[in-house]
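Student: I would like a close look at one part of this structure, the place where the two chains meet, and then at how the residues on either side of it are held within their own chains. Could you take me through it carefully?

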Amino acid sequence: MNIRDGNIFEAMRMVLPEHRELMAQIQRERAKRKRPVLTEERLEEMQYALSEAVREGRAVRVTVFTPERDVVLVGHVTVRGRELRVRTAGGEQLVRLNDVIQIEEI
Amino acid sequence: MTKLIYGLVDMQSFYASCEVASREEYAARRKEFDDSTDPPLVVSGDPARRSGIILAATPTAKRYGIENAMRLGEALRLYRRLIVVRPHMAFYLHVSVRIQMLMQQCFPFQEQFSVDEGFIAFPYPSALFPDPIAAARNLQARIWDQFRIRSRIGLAPNKWLAKMANKAAKKTPGGIVWWREEDIPSVLHPLPVEEMWGLKRRAEVLRRKFKCETIGDVARLPVGVLKAEFGVWSEVIHRWANGIDVSDINPDSYHAPHKGFSHRTTLPRDFYERSEIAVVILELLDEVCHRLRQAHQAGRRVGLGLTYEGLTGGFYRAKTLPRATNDPAELYPVLLALLGQHWDGSGVRAVSVGVDMLQFRETVQLSLFENVPARTRLYETIDEIRARFGETSIMRAVSLTRAGQLRERSLRIGGHYA
């Protein structure tokens, strides 16, 4: 690097490899997708939509949080303990209720 | 016109402050603006040995004449009731990164400079930071509130002046100093030439050969006069003496790919045997190659550095290879050849091994004589075992000999206990 024109402090700094690694690691963790915190209202809406759907045997749209992306499932639902069973066109899916971030009527 | 103000933020006695701040018995007494409320504590490389050196000392310990890099035995003679603790490097690094994140919250333009220093920058004049001193004080107060560590902040029109202003801030009550461009003749130029940051031995030359007593004397020298002595540095020296620095601030500079990888270790005693030095070289090379593999890179130039007994003298020599590699089996003979050529037989106190001229490794060079894919799988397996079970779960047999440093090194970060 040319010391006259560049960021000379970048060339002269003293950073341990472990320090650099830790910075990167913490940055990666912070960049991770975080589960949204749902409001009371949103939870009530979801619960209402879910109970209506179960009672009337209608299909719903369920949005599920995963570390990579939100997954949207459409189908008939039943609740089993802490899990939600969604019968979609592509087959049956089990999702943890904790991962469900949205339930909407269609 | 709106320009950037640069700041250098440094932590006071960082390692020692981390130790004091994390021990509740001292918390009640400590006051932000009175550093004599800290206990007389030092962090010593190896508290069991009086020959270990002081890595950090609280301001209170320093008042007894204790200095960094002093032998522990000497420090204890100065003050018998000194509190001595061993280093906790992993903890300091964590605190460092958290403080760095706090700096970024206050000032999005931030660039870490060392474990306990970071540059910041913000526009001035601007509505966001109407009062630069208040903005700096806000950061300083937040560092104290969250970490109970005192910091000093130098503000100036560029990075180099910020570094110099930071030195002044250390001697200023409150610990914040703001130098403006028009202050340069009155605050920078009267300082002795040795105070110029970043010059190292060049400052002595300026005094001896060019008869410069102060930074102002350097500023008055025409750049042409410096040229013969300092080459490319002449312009940098000339600019700095005039309070000019062109370095910009790059918050993403840590994302830039490495230009090279190197490892260095200081030995517990002087090594005289070629076979013993070779063991250390191989261990360091393994670490360098491990990091190359993690980065999916290979290098074309490999270098060996030795520092001789008393940490004076030594060499660093590198050799460029016909093609890039990250295979220790290929690089080790080159290093041994460098050792054979350049080592004069002096006792060796520190060894460093580096690989640079890197390129990304998507293709594999096959060989007529070696089973390259098999060896690649071997290294992948070793890396996996180490990642899961620790650095010392699998090692070369030579690491178990008296010369081996790997087991001791694995307990350390930057040469000190993790």
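Tutor: What follows starts at the contact between the chains and then moves into each chain in turn.

This is a predicted model, so a word on confidence comes before the details, because where pLDDT is low the predicted coordinates should not be read in detail. For chain A the mean pLDDT is 88, with 96% of its residues at 70 or more. Among the elements of chain A, the lowest mean pLDDT, 84, belongs to helix α1 (residues 8-12), and the highest, 94, to strand β1 (residues 59-65).

Turning to the contact itself, chain A contributes 22 residues and chain B contributes 40 residues. About 2800 Å² is buried between chain A and chain B, and carbon and sulfur atoms account for 66% of that area. The polar side of the contact can be listed briefly: there is one salt bridge between chain A and chain B, and six residue pairs are in polar contact across the two chains, both residues of each pair having pLDDT 80 or more. On the chain A side, α1 and α2 (17-31) each supply at least two of the residues that touch chain B, and α2(A) gives the most, with nine residues. Sorted by kind, the residues of chain A that touch chain B are 11 nonpolar, four polar and seven charged. The salt bridge between the chains joins the side chains of R13(A) and E111(B), with a distance of 4.0 Å from N to O.

The C-alpha atom of R28(A) is separated by 24 Å from that of N98(A), a residue 70 places away along the chain.

Salt bridges also occur within the chains, and the count over all chains comes to 34. In chain A, the side chains of R35(A) and D99(A) meet in one of them, at 2.5 Å from N to O. This pair links distant parts of the chain, 64 residues apart, since R35(A) lies in the loop between α2 and α3 (40-56) of chain A and D99(A) in the loop between β4 (91-96) and β5 (100-105) of chain A.

In chain B, R152(B) and D10(B) form a salt bridge through their side chains at 3.2 Å, N to O. It connects strand β7 (residues 151-156) of chain B, where R152(B) lies, with strand β1 (residues 3-11) of chain B, where D10(B) lies, across 142 residues of the chain; both residues are buried. A further salt bridge of chain B brings together the side chains of E287(B) and R409(B), at 2.9 Å from N to O. Here E287(B) is in helix α13 (residues 274-294) and R409(B) in helix α16 (residues 406-409) of chain B, 122 residues apart, and E287(B) and R409(B) are both buried.

W178(B), in strand β8 (residues 176-178) of chain B, is buried, with a relative accessible area of 14%. Apart from its neighbours within four places in sequence, W178(B) is in contact with I5(B), Y124(B), P132(B), I133(B), L155(B), A156(B) and D183(B). P125(B) itself lies in the loop between β6 (117-124) and α6 (132-147) of chain B.

Two backbone details of chain B complete the picture. K200(B), in the loop between α8 (184-188) and α9 (202-208) of chain B, has a positive phi near 55° although it is not glycine, and at 69% relative accessibility K200(B) counts as exposed. M357(B), in strand β12 (residues 348-360) of chain B, likewise has a positive phi near 55°, while its relative accessible area of 31% makes M357(B) partly exposed.

Terms used:
Residues numbered from 1 in each chain as written. Chains lettered and ligands numbered in written order. Heavy atoms only, no water. pLDDT = per-residue confidence, 0-100. Helix = DSSP H or I, 4+ residues; strand = E, 2+ residues; numbered from the N terminus. Contact = heavy atoms within 4.5 Å. Buried area = accessible area lost by both parts, 1.4 Å probe. Polar contact = N/O pair within 3.5 Å; in protein donor to acceptor, adjacent residues only side chain to side chain. Nonpolar A, V, L, I, M, F, W, Y, C, P; charged D, E, K, R; others polar. Buried < 20%, exposed > 50% of the residue type's maximum accessible area, 1.4 Å probe, protein only.
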